[in-house]
Amino acid sequence: MYRTYAEGHEKPVEIDPDIYAEYISQRKYLEKSVAMLKKNLQKDSEIHKQDNLRIMRENVELIKEINKLRREIREIKYGAKSGNQKAPAQGANPNRNAEEELDITIAERKKTVDTQNQRINDLKNKIANLKAENSMLQPQQGM
């Protein structure tokens with residue numbers, strides 16, 4: 001039926017050249033927009049991937065440091081209970097050198113104070129002996 005009535009009676013549809021040019025222009029604009037959005041998506045995805053990797057690395061380092069500090073705490077607790085206080089692991093604390101220097105300085109000052117206290121006690125004993133000796137000599141002088 002199509003062949004008998006429709007075939008050969010087709011009217012070519014003419015498209016206005018201005019409308020067609022506008023269609024082509026919009027199509028190019030949309031294709032460029034899609035390409036730009038895909039490119040931006042890829043950039044953003046890469047940036048987010050790098051950020052996530054960096055954050056994961058930092059988390060791993062922090063977890064390692066936390067575990068190291070937990071071990072030190074355990075060593076200190078159990079070492080203090082048993083009387084064998086162990087020193088914390090090397091490099092565990094960035095302020096360790098300053099803390100060690102402070103401990104050494106405190107120990108040196110305690111040693112100095114102890115030495116001076118011993119010297120004071122020795123001198124007090126010497127004074128007491130000299131007073132006793134002096135009191136023994138004074139009655140003899142009066143004769």
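# Questions on a predicted helical model

The protein averages a pLDDT (the predictor's confidence in each residue, from 0 to 100) of 84, and 79% of the residues score at least 70. This is a predicted model, in which local features need pLDDT of at least 70, side-chain atom pairs count only at pLDDT 80 or more, and totals for chains, interfaces and linings use all residues. Residues are numbered from 1 along each chain as its sequence is written, and side-chain values use heavy atoms, with hydrogens and water left out.

Colleague: In which element is confidence highest, and in which is it lowest?

Modeller: Helices (H or I, at least four residues) and strands (E, at least two) are DSSP runs, numbered from the N terminus. The protein has 3 helices and 0 strands, in the order α-α-α from the N terminus on. Where pLDDT is low, the predicted coordinates should not be read in detail. The mean is highest in helix 2, at 93, and lowest in helix 1, at 70.

Colleague: What share of the residues is buried?

Modeller: Buried means under 20% relative accessible area, exposed over 50%, and partly exposed in between (1.4 Å probe, protein chains only). The accessible surface of the protein comes to about 14000 Å², with 56% of it belonging to carbon and sulfur atoms; such areas come from the Shrake-Rupley method with a 1.4 Å probe, and for residues only the protein chains shown count as cover. Of the 143 residues, the buried share is 3%.

Colleague: Is valine 13 buried or exposed?

Modeller: Valine 13 sits in the loop between helix 1 (2-5) and helix 2 (17-82). Its relative accessible area is 75%, so valine 13 is exposed.

Colleague: Which residues form the nonpolar patch on the surface, and what is their accessible area together?

Modeller: Patches are made of residues with over 30% relative accessible area and no salt bridge; like charges are joined within 9 Å, and nonpolar side chains (Val, Leu, Ile, Met, Phe, Trp, Tyr) within 5 Å. The nonpolar patch consists of Val13, Ile15, Ile19, Tyr20 and Tyr23, and together they have about 590 Å².

Colleague: Which residues form the positive surface patch?

Modeller: Lys and Arg count as positive and Asp and Glu as negative, while His and the chain ends are not counted. The place of a charge is taken as NZ of Lys, CZ of Arg, CG of Asp or CD of Glu. The patch is formed by Lys64, Lys68, Arg70, Arg71 and Arg74.

Colleague: What is the N to O distance between glutamate 31 and arginine 27?

Modeller: Side chains of opposite charge can pair when their charged atoms come close. A salt bridge is a side-chain nitrogen of Lys or Arg within 4 Å of a carboxyl oxygen of Asp or Glu, and the structure holds 3 of them. Glutamate 31 and arginine 27 are both in helix 2, 4 residues apart, about one turn of the helix. Their side chains meet in a salt bridge with an N to O distance of 3.1 Å.

Colleague: Which residues are linked in a network of salt bridges?

Modeller: Arginine 54 meets aspartate 51 at 4.0 Å, N to O, and glutamate 58 at 3.2 Å, N to O. Because arginine 54 and aspartate 51 are 3 residues apart in helix 2, about one helical turn separates them. Glutamate 58 and arginine 54 are 4 residues apart in helix 2, also about one turn. The linked residues are Asp51, Arg54 and Glu58.
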